[in-house]
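Let's take a walk through this structure, looking at a few charged pairs and one annotated site. Have the model open beside you as you read.

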Amino acid sequence: MDRLRHEGLGMTSQRTRNRLIQRLRDEGISNEVVLDVMASTPRHLFLDEALAIRAYEDTALPIGYGQTISQPYIVARMTELLLSRAKSLRRVLEVGTGSGYQSAILSRLVEQLFSVERVEPLLEKSRRRLTELGYQNIEYNLSSGGFGWPEKGPYDAILAAAAPTTVPDELKQQLGPDGVLVIPVGAETQYLMMISRRQDSDQFDVEKLEAVRFVPLLSGVVR
């Protein structure tokens with residue numbers, strides 16, 4: 001990593017990051033553990049250099065291949081939900097590695113993170129970036145996200161960063177007892193949903209939380 005990009009000057013300074021964290025507080029994010037992790041995670045390193053100047057705006061930004069790095073509020077909100085609802089965070093699945101930014105946040109809060117991505121160039125770029133930055137508790141897989149990663153399950157929690165039109169049954173079945181799935185769902189209109197497994201049964205409680213906007217969850221892989 002370029003030393004100046006890593007250390008941060010001006011746009012990437014800690015003061016700039018702290019302004020973003022204050023905006024997140026103003027928008028209702030209250031989990032201080034999540035806010036602390038986001039304050040110390042260099043979002044500019046997960047963007048192409050031309051967009052790094054916008055890294056600490058509370059907005060989604062393009063990362064290529066029709067994908068985006070999620071808005072910081074959404075990253076914080078989904079992470080906060082997992083921490084508040086999951087009874088354990090020992091094994092967590094992330095659907096949609098993307099830039100690796102959400103992976104970086106999650107990996108500091110869970111014991112083991114399993115991350116799947118359908119676009120191979122994005123997956124390899126994120127794998128290299130996260131390894132260089134010292135994140136060691138993440139396993140990666142090139143996979144159609146809606147199918148998850150059943151071989152590594154069951155999971156205490158699953159977070160999806162792309163929106164299917166309906167909740168994939170494959171993801172629900174990969175939840176362990178009392179497992180929690182946080183996922184955006186819908187086509188033209190999308191809502192953030194929380195799906196909780198009732199102990200180890202095939203019964204699930206579904207909560208509709210708030211309107212969101214994500215890229216669609218597509219099938220197949222891109223090499």
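The side chains of E139 and K152 come together in a salt bridge, with N and O 3.0 Å apart; the term stands for a side-chain nitrogen of Lys or Arg within 4 Å of a carboxyl oxygen of Asp or Glu. E139 sits in strand β5 (residues 138-142) and K152 in the loop between β5 and β6 (155-160), so this pair ties together parts 13 residues apart in sequence. Helices and strands here are DSSP runs numbered from the N terminus, helices being H or I with at least four residues and strands E with at least two. Both partners get some solvent: E139 counts as partly exposed at 28% relative accessibility, and K152 is partly exposed at 27%. On this scale, buried is under 20% relative accessible area, exposed is over 50%, and partly exposed is in between (1.4 Å probe, protein chains only).

Before going on, a word on the ground rules. This is a predicted model, where local features need pLDDT of at least 70 and side-chain atom pairs count only at pLDDT 80 or more, while totals for chains, interfaces and linings use all residues. Residues are numbered from 1 along each chain as its sequence is written, and side-chain values use heavy atoms, leaving out hydrogens and water.

How many salt bridges does a search of the whole structure find? The count is eleven. Another one joins E120 and R223, whose closest N and O atoms are 3.7 Å apart. This pair links distant parts of the chain, 103 residues apart: E120 belongs to helix α6 (residues 120-132), and R223 to the segment after β9 (204-212). E120 is partly exposed, at 26% relative accessible area, whereas R223 is exposed at 67%.

Then there's E57, which meets R54 in a salt bridge at 3.0 Å, N to O. Here E57 is partly exposed at 32%, and R54 is partly exposed too, at 34%.

Now over to S70. Where does S70 sit? Look in the loop between β2 (67-69) and α4 (72-85). An unreviewed UniProt entry places the feature "active site" at S70; UniProt positions follow the numbering used here, feature names are shortened, and annotations may be inferred rather than shown by experiment. Is S70 buried or exposed? With 16% relative accessibility, S70 counts as buried. Leaving aside neighbours within four places in sequence, S70 is in contact (heavy atoms within 4.5 Å) with R43, T59, A60, V75 and F214.
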